[in-house]
Amino acid sequence: RIPLRMARLSRALLHAWAGHARGLKVRAGDLSFSGGRSRSCGIVGAPNIGKSTLFNAMTATQAAQAANYPFCTIDPNIGRVAIPDLRLAVLADAAKSAKIIGAQLEFVDIAGLVKGASEGAGLGNKFLGNIRQVSVIVQLLRCFEDPGVEHVDGSVDPVRDFDMIETELLLADLQTLGKKRQKTGAKDAQLAAQEAELALRLIKDLDNGIPARDVMIDEEEAAAFRGLGLLTGKPLMLLCNVSEQELQGNAHTQAVQDMLAKRGGDSLTNLTVCASLEAEVSQMEDEDKLEMLQTYGLDDTGLARVIRESNALLGLSTFYTVGPQEARAWSYPSGMLVPQAAGIIHSDMERGFIKAETISYSDYLACGGESGAKEAGKLRLEGKEYKVADGDIFHFKFNVTK
């Protein structure tokens with residue numbers, strides 16, 4: 001097995017040496033990752049830690065069979081959730097829109113991983129394949145004690161669970177890299193050669209327990225890195241699942257914090273949630289929901305924070321279309337040009353793109369809406385080279401001829 005804990009203690013020094021020796025510039029985990037199922041986040045973890053309960057809360061359904069059985073979720077449950085967006089409500093109020101449609105993220109409930117998954121244990125190959133299809137990994141760690149819910153390893157230890165899953169993902173990645181070492185007959189021979197060269201370097205890092213997201217690569221290798229499709233190269237967020245009485249943390253969440261502090265080179269998002277409480281709150285009316293949150297001293301649900309952080313890890317921003325019929329939020333990859341943003345709404349808009357009437361969110365509010373923005377000279381006409389800014393409000397001009 002890979003010596004994960006020992007490798008992490010020297011990660012910062014190893015990265016510094018590697019960057020100097022090879023002249024590498026970019027941490028792979030800081031690259032925007034796109035691949036697999038579009039804009040989706042996979043909830044993973046050991047069996048019996050609350051994944052399906054969390055998924056149920058996110059989708060406000062009972063679609064996933066939340067049962068005390070190690071493999072109660074075999075086929076991934078897929079659900080779409082609205083991204084909390086205060087700006088959308090404000091825009092809808094200003095425009096007196098009849099309908100509000102928020103942007104959404106896709107979450108996938110993936111069955112529990114066990115030791116040996118990379119070798120097929122516990123339906124491991126199927127589960128690893130499901131993880132390959134998502135863009136962001138949300139790893140849930142059990143940080144609550146409950147004798148009525150057995151742990152597959154007999155005791156609660158979130159650090160052990162994290163190490164087990166990361167080891168299995170590393171081993172799966174090493175198998176992938178082993179196949180990439182030799183150039184294949186791909187259509188793009190240059191890219192295939194670059195992938196093969198990068199694979200050789202990455203094998204050494206992963207053998208030392210360093211996940212692909214922590215490896216330093218050159219910006220020019222970004223396409224090759226994405227082409228490798230490495231599980232440990234995907235953005236990762238940790239969620240500590242605690243009991244209702246321990247929302248402020250406990251010895252298990254502290255152990256996770258201590259582990260992250262020792263890792264050195266990895267800056268992972270780490271949130272604390274109570275999946276059972278979130279599931280209960282998700283079934284309440286808004287007024288009762290607010291009262292329940294106040295009872296626990298919370299300003300917002302943990303799930304709202306999870307969704308916002310997942311959106312950020314995906315590298316997504318938001319633009320809007322606003323009018324009397326509807327106000328709508330649209331997610332787009334940060335850095336996108338305006339014709340491609342129009343194409344998110346409809347391919348004809350991109351194909352026949354002419355101009356985009358554009359108002360910034362702040363100008364829209366300051367001027368009291370679209371009419372006021374026009375009168376104040378704050379409405380701009382942007383062309384094909386314009387890079388979309390977060391919060392832009394668009395009316396697209398396009399013309400498609402047959």
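Mentor: Start with a definition. Buried means under 20% relative accessible area, exposed over 50%, and partly exposed in between, with a 1.4 Å probe and protein chains only. This is a predicted model: local features need pLDDT of at least 70, side-chain atom pairs count only at pLDDT 80 or more, and totals for chains, interfaces and linings use all residues. Residues are numbered from 1 along each chain as its sequence is written, and side-chain values use heavy atoms, with hydrogens and water left out.

Trainee: What percentage of the residues in the protein chain is buried?

Mentor: Of the 402 residues, 52% are buried.

Trainee: How many helices and strands does the protein chain have?

Mentor: Helices (H or I, at least four residues) and strands (E, at least two) are DSSP runs, numbered from the N terminus. Here there are 16 helices and 14 strands.

Trainee: Let us take one residue. Is Leu54 buried or exposed?

Mentor: Leu54 lies in helix 3. Its relative accessibility is 0%, so Leu54 counts as buried.

Trainee: Which residues does Leu54 touch?

Mentor: Contact means heavy atoms within 4.5 Å. Leaving aside residues up to four places away in sequence, Leu54 touches Ile43, Leu140, Leu239, Val273, Ala275 and Leu303. Look also at Glu278. It is 224 residues from Leu54 along the chain, yet their C-alpha atoms are separated by 7.2 Å.

Trainee: Now a helix pair. At what angle do helix 6 and helix 7 cross?

Mentor: Axes are lines fitted to C-alpha atoms, for helices over the stretch in contact, and angles run from 0 to 180 degrees between N-to-C directions. The axes of helix 6 (residues 158-180) and helix 7 (residues 189-207) cross at roughly 150 degrees and come within 9 Å.

Trainee: How are helix 6 and helix 7 oriented to each other?

Mentor: Angles under 35 degrees count as roughly parallel, over 145 as roughly antiparallel, 65 to 115 as roughly perpendicular and the rest as oblique. Helix 6 and helix 7 are therefore roughly antiparallel.

Trainee: Which residues of helix 6 meet helix 7?

Mentor: Among them are Leu170, Leu174 and Leu177. Partners in helix 7 include Ala199, Leu202 and Leu206.

Trainee: Is Lys96 buried or exposed?

Mentor: Lys96 is exposed, at 67% relative accessible area. Its phi is also positive, about 55 degrees, although Lys96 is not a glycine. Find Lys96 in the loop between helix 4 (86-95) and strand 4 (99-101).
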